[in-house]
Amino acid sequence: MRTLAILLGVSLVCTAQTQPDLEAGRKLFQAHCTVCHGPQGDGGKGTNLAQPRLPRATDDQALASIITFGIPGTEMPRTRMTPQQLGDVIAYVRSLGAVPAEPLHGNAQHGEQIYRGIGNCAQCHALHGHGGTLGPELTDIGARRGPRYLRESLTDPEAAIPDSFTSYQKITLLPDNFLQVRVVTADGGRYTGARVNEDAFSIQIRNAAGHVDSFFKEELLELHKDWGKSPMPSYREALSPAELEDVVAYLASLRGGR
């Protein structure tokens, strides 16, 4: 019955004649959404909302459903709001798509050369299924993240990595739940990689080459969990400001097409 009531509420939002309050929607967005989507809605840990068309929410009813029920398997949680509040937030999110996008000053073609060359990004990241598996897939990163977030990821790659178990969420995906692990086995073997899975008795980690190793915890001499750490290097000093902007422009151009 509760689910039916919620569905009815979502439907009512889409048919209500009450004029949405954009200022109220902005305040609700600031309170509930900016941590993940950024203060301007241009992406952060969450997807970029400052675009005319949202791939997962092509109409208001779809957006209302996502806000209310979340998206399973992602960082988007359920949110409890009254129909009026929901309508206000929807109107505000739609208004973000009318805001001019942050201008890109880099050369995307040169950024691709850096990505595939001196940046060595393909060692850890994949495009269309080709590349490394240690880092997140980047095929549509430009549709999911704004330039501000992409720039920060290049210069401060640990900014979005949880620094303690309290910020870890079981259901979310990379990079939000990335955890670097180091283990030492009884025979002196040392392994470093990203945690793939873990239970009370075992742990599985993936190294930079994509190989997954599984260990029984009772057989390990050492098990270190490096909360807040990332194997990705900072490019703040490795690339010039112009080169960084070129890579940002290239990543922003990646929207799922070939």
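Q: Is F29 buried or exposed?
A: F29 counts as buried, at 0% relative accessibility, where buried means under 20% relative accessible area, exposed over 50% and partly exposed in between, with a 1.4 Å probe and protein chains only. This is a predicted model, in which local features need pLDDT of at least 70 and side-chain atom pairs count only at pLDDT 80 or more, while totals for chains, interfaces and linings use all residues. Residues are numbered from 1 along each chain as its sequence is written, and side-chain values use heavy atoms, with hydrogens and water left out.

Q: Which residue does F29 form an aromatic pair with?
A: F29 pairs with Y92, at 5.3 Å centre to centre with 55° between the planes, and the pair is tilted. Rings of Phe, Tyr and Trp (its six-membered ring) pair if their centres lie within 6.5 Å, and planes under 30 degrees apart count as stacked, over 60 as edge-to-face and the rest as tilted.

Q: Where do the two sit in the chain?
A: F29 belongs to helix α2 (residues 22–32) and Y92 to helix α5 (residues 83–96), 63 residues apart, so the pair links distant parts of the chain. Helices (H or I, at least four residues) and strands (E, at least two) are DSSP runs, numbered from the N terminus. Y92 is buried as well, with a relative accessible area of 12%.

Q: Switching to cysteines, how many disulfides are there?
A: The structure holds zero disulfides, a disulfide being a pair of cysteine sulfur atoms within 2.5 Å.

Q: What about β5 and β6?
A: β5 and β6 are also paired in the antiparallel sense, over five bridges, and they form a hairpin with five residues between them, where G210 in the turn has a positive phi of about 95°. Strand β5 (residues 202–206) is mostly covered, with four of its five residues buried.

Methods: Two strands pair if DSSP finds at least two bridges between them.
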